[in-house]
Amino acid sequence: MSNFSRRQFVMLMSAAAAGTAVAPMGLLNARRAMAQGTCNTASFTVPGFGTPTPKLPNNTKSLGSLANTPLITLPDKFQYTAISIRGDVMSDGAIVPGNHDGMAAFQGRSGNYILVRNHERNPGGGGTVAPNGKQYDPYTGSSLNSGGGGTTTVEVDRDGLVVRDYVSLSGTIRNCAGGPTPWGSWISSEENVATPATDPRVTKKHGYNFEVPSQLGQAVDPIPLVAMGRMNHEAVSVDPQSGYVFETEDRGDSAYYKFVPKVRKPNGFGDLQQGGDLYAMVIKPGQRSDCTGALIPTGGTNDRGGSFSGVDTRGLGANGSGSLLPFLGQPLRVEWVKLDDVDPAEDTLRYEALAKGAAAWYRGEGAWYHQGKHYWVCSNAGDEGEGQVWAYDPSNETVTLVVESTNENLLDGPDNITVARDGTLYLCEDGSGGQPGAPNFSQRVVGVDASGGLFEFCRNIIPGSTSEFAGACFSQNGKYMYVNAQGSGITYCIWRTDNRSIALNGATA
């Protein structure tokens, strides 16, 4: 893998925490650290599934101007289709909107798979317009009934081809990510806090989550989940044991939130509409690095110039108060503070959280639940501002920094995240860097294996395109990965030619 041979990745591991480190910073990394007698491990990469090479989609003949053009790279023994492309006519007569973003896959009743997919669009032409008229905000002026953000639902068969598709949420703004629920719905998150006072195109307040059933067959009646907070939402992960919803916020001084539903352990669509209580994570101050003895950094400045005294996780490159690298791989004790004004008139929810001691995060982005852990990305955090991945463990009330990139050529601005059945993390990049002369270098899906090693899984190679990947997710049997190319407006269905699960253990090409 020639591209990876030029990258650097610094990972610090505490030998004292070796028994409790969370994936992907696994025992292999801890053993290396212990053997070296230091907290530093050598930079390393792993082969993953092998070197990705340009490939044509299986359905290339139906792609018009994209026919006979390799669209992405993939390792050997992988194939894909390119489907539900911006501008296509859907089953309900609506047009596929652009700006494909967050997404999840659900098992369909007929053995097919159901994708519920966000569209990160503002009011105006080319957005989602519900044929059944169920639109949260009809907008005003030239944007009246012209579409905005929302979701579409795409049913895909085992050959990676569309069976049917339709608008499933309409009238929202900049639906960036969200997350699946254990009961088979998708929570779609608005990354926009417009009000009629701040944006003449809108008639209602925005900045909410919306729940979308995965198999409704038409646009849902859009009901904002107000109790989950009004903010610049990004993503959520839902705990199947408690029903709690954990939320990220795309701001430079964001909080990490926990929503406790009023319905005890919700198990069906509509339960979250009954309300609940909202909390923000507090990392207990005074904790020291097991590696260097350094105190965890506290205190900082929010984006309106006010100061806060809680723990600052943002890293030096994100104007934080100190480096988090000495704490990499070390579980940190946390608690939660209750928030009162969850539906503020202005974008101030995080200010209340920080004032009450909540930890500050830099650009909370994608989130995913896997085997008792809630993973989420801070896209431009860290000493070099290239991104972090964190994991919250509710069973121990700890949070752990599991990845911090120190070089954009290794990992450049991770955004959406998903986790495969074998525990491998897959990060969709949304960076701006890369090696000089290498087109679209930063537009990749990068895997992180159980040892902490990184590998390139796929890359966007459409000529002239700088499209970021988004919405990566897996089918329930682990055999299919679905991922979006946002700028190109394409959804990819990826699977192995031998029909095996996409798992590194015993499956390396």
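Reply: Happy to! The lining of the second largest pocket has seven nonpolar, five polar and three charged residues. Please keep in mind that this is a predicted model.

Me: What makes a residue part of the lining of the second largest pocket, and which residues lie nearest its centre?

Reply: A lining residue has an atom within 4 Å of a point of the pocket. For the second largest pocket, 15 residues line it, and S62, I83, S84, I85 and D88 lie nearest the centre. Two or more lining residues come from each of β3 (78–83) and β7 (162–172). The volume of this pocket is about 180 Å³.

Me: How do you know that space is left empty there in general?

Reply: A probe the size of a water molecule is rolled over the atoms, and that shows where empty space remains.

Me: And the largest pocket: what is its volume, and which residues lie nearest its centre?

Reply: The largest pocket holds about 540 Å³ of space. It is lined by 23 residues, with P180, W368, Y369, V419 and Q476 nearest the centre. Its lining divides into 13 nonpolar, nine polar and one charged.

Me: Which strand gives the most to the lining of the largest pocket?

Reply: That is β18, with four residues. At least two lining residues come from each of β4 (100–107), β8 (175–180), β11 (233–238), β18 (364–370) and β22 (414–419).

Me: β22 also belongs to a sheet. Why do β1 and β22 count as edges of it?

Reply: The sheet is open, with six strands in the order β1-β2-β25-β24-β23-β22 and antiparallel pairing. β1 (53–55) and β22 each have a single partner strand, so one side of each is left without a neighbour in the sheet. On average, neighbouring strands here are turned by 35° against each other, direction ignored.

Me: How do you know that β23 and β24 are paired?

Reply: Pairing asks for at least two bridges between the strands. β23 (residues 425–429) and β24 (residues 444–448) have four bridges, in the antiparallel sense, so they count as paired. In that arrangement, Y426 stands opposite G447 in β24.

Me: Why is T418 called buried?

Reply: T418 is found in strand β22. Buried means under 20% relative accessible area, and T418 has 1% relative accessibility, so it counts as buried.

Me: Which residues does T418 touch, leaving aside those up to four places away in sequence?

Reply: Its contacts are W368, T424, L425, Y426, A472, C473 and F474. Y426 is the residue that stands opposite G447, and W368 is among the residues nearest the centre of the largest pocket.

Conventions. Residues numbered from 1 in each chain as written. Predicted model: local features only at pLDDT ≥ 70, side-chain atom pairs only at ≥ 80, totals over all residues. Heavy atoms only, no water. 1 Å grid on protein atoms, 1.4 Å probe; cavity = no way out; pocket = protein on both sides within 12 Å on 5 of 7 lines; lining within 4 Å. Points joined across faces, edges and corners; volume = space filled by probe spheres on them. Nonpolar A, V, L, I, M, F, W, Y, C, P; charged D, E, K, R; others polar. Axes fitted to C-alpha atoms, helices over the stretch in contact; angles between N-to-C directions. Buried < 20%, exposed > 50% of the residue type's maximum accessible area, 1.4 Å probe, protein only. Contact = heavy atoms within 4.5 Å.
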